[in-house]
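Trainee: I am new to this structure. Could you show me how to read its features?

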Amino acid sequence: MPAARIFHSISLHPMVGMVCGIAQPTVLARAELDPALPLDWSGADAALEPLLEEPLASRPEPQDAVARLVRRLAHVQGAVQRQLKVPVFGEGRIVERRLVEPGRHVRVVIALPSHTPQASAAALEFARIALELFAQGAPDASQKVQDALKECNAELRKHSLAGINQLHFLRSAHEMGVPCTRLTTEAYAFGHGVHTRRLRSSITDRTSSMAVALARSKWQTGMVLRRFGIPVPQHVLVRSADEAVEAAARLGYPVVVKPDDQEQGHGVSAGLRDEATVRAAFEAARKASQQILLEKHQEGDDYRVTVFQGKVVKILQRRAGGVTGDGTHDVAELVRRELLTPRFQRSYRQTGRWTLTLDEEALGLVAEQGLTPSSVPEAGRFVTLRRKANVSSGGIQMLVPVDRCHPDNRALAERACRALGLDLCGVDLIIPDIATSWLDTGAAIVELNAQPQIGWVHGPEAYPRILREMLQGRWDIPLYLAVCEPARIPATLAGLRALFDGCDVNAFASPHGAWIDGERVAAESGSGFDAACAVLLDTEVRGAACVMSIDEISRTGLPAPRFDRIEWRCPPALGPQAQRPWDVMRDLAAGHSREAATAGVEPVPGA
């Protein structure tokens, strides 16, 4: 392979809208390439594979060198963003390519899905560096690419979504063809017009604020559940380490110490069996909250039961983090090997920290089990290294089929959610056997989470199921777009109605404003894109007709991923130079119309 530079330059043109059939905001990457590009990328593919969670899609290679390079450039920049929870989906598209100074440069324009221009720029730069270095086969390529990945990840973390839910709801929406609009850094609208629903992680637009406030306090949650006859552990609020020790003696060991108002296991210590560990746990919990609960330890297995709209949709069994002996390696080496697994490598990439280490907590638990870090556990022996089962602490999860859960246990979880008034809820259930009724074995609900992390690795189908049920299987409205010269865009509602005569819509949007059911809802702003976005988010809209100028589309892209029809109202008898922008924009928008785009040359009705 040649040692010369493959990329002579790359620049980005970000759009707030969509082009080239991509169903989210788009960036156009303009690259100048060396014409002598390699055809064989097998070495670079193998070198990149350990760095990316997603393999390059298995399909026939393009015949030409430019398409092969662009395929990898688009894959790498997308995969490196998704593994840092930056939501970009779909593939890149080559928009244009041509020779510049024949024999010297090839210019190519690539359309790529984008979350933020900054994240796209960082990911594209990493992809450029990695592909170029691995293609050249430089002896220090691996280290340079690792350094570039660290720098890229540091930037991507600034644009990463919180938690895991939003990324997977957006991924599911993309696969289902549901339009998505970003409202804030963490809140999104799914669907258009009357079918619009909103999500912020797993908080829906119908989640009760009172229920969220109650669920935030484990103490108050317990009070409500007891009123409904639902089993909860004995617990007491404690204000000092001395009070915690006294309460532990009164309730009986083992006990749990936890903050009253934290989630994801922050500050939780379980299985405490003596005064010293209770005092240490109280001080650790105090760092997370001023409200501390001491709770009687509940015997049984730990389950996270996800309930949506009154029905159990997913069950995970949870186990505290640890390692399993193989009869050969000591505890310390087993931990080092565990951290090399994809699960922990993925967690480290996303958070920049290791969740399972031989820290003070782990060393204490190792000692309780009669071991040291240099001990070699027998094959199959599980060595617990954490006192809580949360994934954020290195916990292990296993999917439990919903139908394996006894109907009484499902009903218990569903009733707990009704008691608090939550539409989407994570129920933390401790029970000896999920397949046997809690009425026979006993059980306790230790927490209700109003914003549960549903989980993708085990049971990803929960995300599209929840979206589909939220939207009741409908997310699109009739949607039309007319593209005109600025001077030919009607300035009044009457003119817009005449332009879209025969279209069954109750909303209109143009640079001159927006109207719903005949009432003006947005003043003239000069932006047809903004006006269209405003009506598409309004739940009073049953169908919408939008007008944009060709110049605006070239700057912003389209406000929706799909239109029932796009009409190109270009003036008649344009010369070749004046016609070219219309042809370019028609090509960019072709993948966004359910009907073939039409070119209308008749005069635009005035008002």
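Trainee: In what order do the 5 strands of the open sheet run?

Mentor: The general idea first. Strands of a sheet pair through backbone hydrogen bonds, either parallel or antiparallel. Here, in this predicted model, the order is β17-β14-β13-β18-β19, and the pairing is antiparallel. The edge strands are β17 (396–400) and β19 (444–449), as each pairs on one side only. From one strand to the next, the twist averages 25°.

Trainee: How many bridges join β14 and β17?

Mentor: Strand β14 (residues 311–319) pairs with β17 over 5 bridges, in the antiparallel sense. Look at Ile-315: its bridge partner in β17 is Val-400.

Trainee: Which helix lies across β13, β14 and β18?

Mentor: That is α15 (residues 462–471), running at about 155° to β14.

Trainee: Now helix α10. Which of its residues are buried?

Mentor: Again, the general idea. An α-helix has 3.6 residues a turn, so residues three or four places apart point the same way. In α10 (residues 331–338), the buried ones are Val-331, Ala-332, Leu-334 and Val-335. They cover an arc of only 160° around the axis, so they sit on the same side of α10. Their cover includes β15 (322–324) and α12 (360–368).

Trainee: What caps the N-terminal end of α10?

Mentor: Asp-330 does: one of its side-chain oxygens lies 3.3 Å from the backbone nitrogen of Ala-332.

Trainee: Last one. Is Thr-556 buried or exposed?

Mentor: Buried means under 20% relative accessible area. Thr-556 has 14% relative accessibility, so it counts as buried. Thr-556 lies in helix α18 (residues 550–556). Beyond its neighbours within four places in sequence, its contacts include Met-15, Phe-529 and Met-548.

Methods: Residues numbered from 1 in each chain as written. Predicted model: local features only at pLDDT ≥ 70, side-chain atom pairs only at ≥ 80, totals over all residues. Heavy atoms only, no water. Buried < 20%, exposed > 50% of the residue type's maximum accessible area, 1.4 Å probe, protein only. Helix = DSSP H or I, 4+ residues; strand = E, 2+ residues; numbered from the N terminus. Arc of directions from axis to C-beta. Contact = heavy atoms within 4.5 Å. Polar contact = N/O pair within 3.5 Å; in protein donor to acceptor, adjacent residues only side chain to side chain. Pairing = 2+ DSSP bridges. Axes fitted to C-alpha atoms, helices over the stretch in contact; angles between N-to-C directions.
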